[in-house]
Amino acid sequence: MSNVLAIARKELQSYFASPVAYVVIGFSAILFGWFFINLLYFFDRASMQAGMGLGGPEAVNVNEMLISPLFLNVSVILLFTLPLITMRTYAEEKRSGTIELLLTSPLTDLQIVMGKFLGGLVLYAGMLAVTLVHMGFLFWFGNPEWRPVATGYLGLLLMGGCFLSLGLFISSLTNNQIIAGMVTFAVFLLFWIINWISTFTGPTMQSVLNYLSITGHLSDFARGVIDTKHLVYYVSFIAFSLFLTVRAVDSERWRG
Amino acid sequence: MIEVQHLTKRYGPTTAVNDVSFRVERGEVLGFLGPNGAGKTTTMRVLTGYMPPSEGKAIVAGYDVSDQPLEAKRRTGYLPETPPLYPEMTVHEYLAFVARIKGVPRGERKARVGSVMDRTGVADMGNRHCGKLSKGYRQRVGLAQALLHNPEVLILDEPTAGLDPKHIIETRELIKQLGGDHTVILSTHILPEVSQTCQRVVIINKGRVVAVDTPDNLTSRLRGSETLYVEVDAPGADVETVLGAIPGVTQVAPGDTRGSFTGFEVNSEAGRDVRRQLASAIVTRGWGLLEIRPLRMSLEEVFLRLTTEETADPSAPEIASTHAEEATHE
């Protein structure tokens, strides 16, 4: 465990010693703020119309109309930012030769992979933590329910975990950061829109595609529901990606 | 301490290391010599557990690197060809990180980091970023990293590459000191380094071991023929034919000519001293014998003969191959 933490700490050190962490966190915060303001104006108008009896929704709920869509919008930000976090993890170590240090130290491949995953996850959690400021305003001026907010964050953390583990795997396949970043982005996008075609396929295919969609599993979390189905999906997605990463690192040794 | 048995490593169709076997005793410093692409780095990577062998096995500090990699790695320090530094970390942060992953106990880390920094001469570089270091300092931080957990076995891939002459001497001294307590394998292509620091040498070429011996033995034993340098003052005379006719002389090669003085390199059969015959042949013809001295084969020449198959000199390939055969049959 201490080995995993040592690697995770080193990863974080690298993120924060270079501008990567600041740029990723800072610009994600700008985008999040933009989504937040848009949804806030929309919510503001809707509640005003409802209050004046001008139609619109029957009941105005800050959780349903603001927080839940906001969480779904975050997945767009992740689509672009998380590849930037993961693309260097393995690719850079391989290019600069530092992978030789890790692979000749008394560490197991799993410890290295877990450490890198944990480091990325902590950075991502830091990115999410910034958004707590926006939530704070809502709790200050409004009266939202906290449970859907908590499950929403849990969902985001799990979804980000999927992206991170998948990105880690892709990074372990190449020693070129740009390739790692581009492929990761494309694969993320594919997992995001994989169910778009489902309206044209048969019912079986439709449910399969819907189940595969990473973002599709988030909506229940954003509504405040923790469904085991989604938990199983996210956790097994992460576990499988990390397993593939370990295998990829191991096979790299054999190929040299 | 280190035992390599019939080690073979293939990358797809190419065989980088082919049936290599050697042993290194405890406290010994072994030089690993070979031209570029001979398989030095590959062998070292197998020994450090970076990659598994295709065939054969490597035992380091009593542990098979394939079966008990963690135990072997715990006892091995490794300086790869390019020092594995993280450019964004300071030297201090970097060494602290390496100490953690090498399993140095928490309480000893600070002292260990301090002592290796002193030993490798990077003590005043602690707060510099690794990416900002000069090549020489990178190399030394790399060496510091290898020494951190006080390993029994040290594997150093070209430890003096990129250092300035003063640091080369310091590093060689350090390696010599490390031998005794540690078992060291170092690869290099600088031959004086081997004769200065190593007790034994393994020469490999094209993935095969061509010679294993002490540097002294290599230089003397591998001289299959005696070579003499003879300088003669004999204007216009056919010295070459006369010297070539002396029994025991196998080859006469004319060298530099300065005025009427001509130098010759005379090869003779191994173990046969032809100096007397040469001298009398020259003197009886009334020529001036200015100089006659044995040419001792340097380690460079041994190395070149063992590892080069194609040279400009048409007679060389034959010599090289017979020597290589002698060496492998040893």
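Which strands of chain B does helix α1 (residues 40-47) lie across? Helix α1 of chain B lies across β3 (29-33), β7, β8 and β9 (200-205), and runs at about 150° to β7(B); axes are lines fitted to C-alpha atoms, for helices over the stretch in contact, with angles from 0 to 180 degrees between N-to-C directions. The model is predicted, so local features need pLDDT of at least 70 and side-chain atom pairs count only at pLDDT 80 or more, while totals for chains, interfaces and linings use all residues. Residues are numbered from 1 along each chain as its sequence is written, and chains are lettered from A and ligands numbered from 1 in the order in which they are written.

**The sheet**
- Chain B holds an open sheet of 6 strands in the order β6-β7-β8-β3-β9-β10, with mixed pairing (helices, H or I of at least four residues, and strands, E of at least two, are DSSP runs numbered from the N terminus; two strands pair if DSSP finds at least two bridges between them).
- β6 (76-79) and β10 (208-213) of chain B stand at the edges with a single partner strand each, so one side of each is left without a neighbour in the sheet.

**Strand β7 and its partners**
- β7 (residues 153-157) and β8 (residues 183-188) of chain B pair in the parallel sense over 5 bridges, with B:Ile155 opposite B:Ile185 and B:Val153 opposite B:Thr183.
- From β7(B) the chain crosses through α6(B) to β8(B) in a right-handed β-α-β crossover (clockwise from the first strand over the helix to the second, with the strands pointing away from the viewer).

Note on methods
Two residues are in contact if their C-beta atoms, placed from the backbone, lie within 7 Å.
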